[in-house]
Amino acid sequence: MGVEISSSGLGEILDKINAEALDLSSLAAPALQSGAKLILDKAKQNLQTPTLHHKGDAYFDKNSIESKTLYNSLKLSRPSVKAKIKYINVLTKDPAAHLVEFGHGGKAPAPAHPFLMPAFQSKRSECEEIMAQVLSEAIK
């Protein structure tokens, strides 16, 4: 007595499963972009909010709110994969960004005007919710 098991059609089933898995992985980019956009918008809002960094005293020769150089340099990166984890960066190529975020010493010490970290901290849970919502809607 025995049972005969056939593997015919198994390849097709595996191909379908792999195709579905690829489709699901492609849904990560829109979810990441929607979440990162929240953080980007909050960082830009933070840059427009006056702090000690913008008081215009002798330490500063140009108000960064008016110049908008740093504001205009904030962008989202393309979705990337590192160690099988997909991510998007909210970034700026402006070399002054580090000095603005953390402040600096030297001849003209400047107080910090954090804009990226507070944006991430304040929007983190909302970002996670929106990403989950985008993924669940796409899966339906």
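Start by selecting Asp41 and Lys37: these two sit four residues apart in helix H2 (residues 28-48), so about one helical turn separates them. Helices here are DSSP runs of H or I with at least four residues, strands are E runs of at least two, and both are numbered from the N terminus. Show the side chains and you will find a salt bridge, with the closest N and O atoms 2.9 Å apart. The term stands for a Lys or Arg side-chain nitrogen within 4 Å of an Asp or Glu carboxyl oxygen. Asp41 is partly exposed at 35% relative accessible area, and Lys37 is too, at 40% (buried is under 20%, exposed over 50%, partly exposed in between, with a 1.4 Å probe and protein chains only).

A word on the model: it is predicted, with local features needing pLDDT of at least 70 and side-chain atom pairs pLDDT 80 or more, while totals for chains, interfaces and linings use all residues. Residues are numbered from 1 along each chain as its sequence is written, and side-chain values use heavy atoms, leaving out hydrogens and water.

Next, go to helix H6 (residues 116-139), where Lys123 and Glu126 are three residues apart. Their salt bridge has its closest N and O atoms at 3.2 Å.

Now colour by pLDDT, the predictor's confidence in each residue from 0 to 100. Strand E1 (residues 75-76) has the highest mean among the elements, 90. Finish at residues 1-7, where pLDDT stays under 50.

Methods. Contact means heavy atoms within 4.5 Å.
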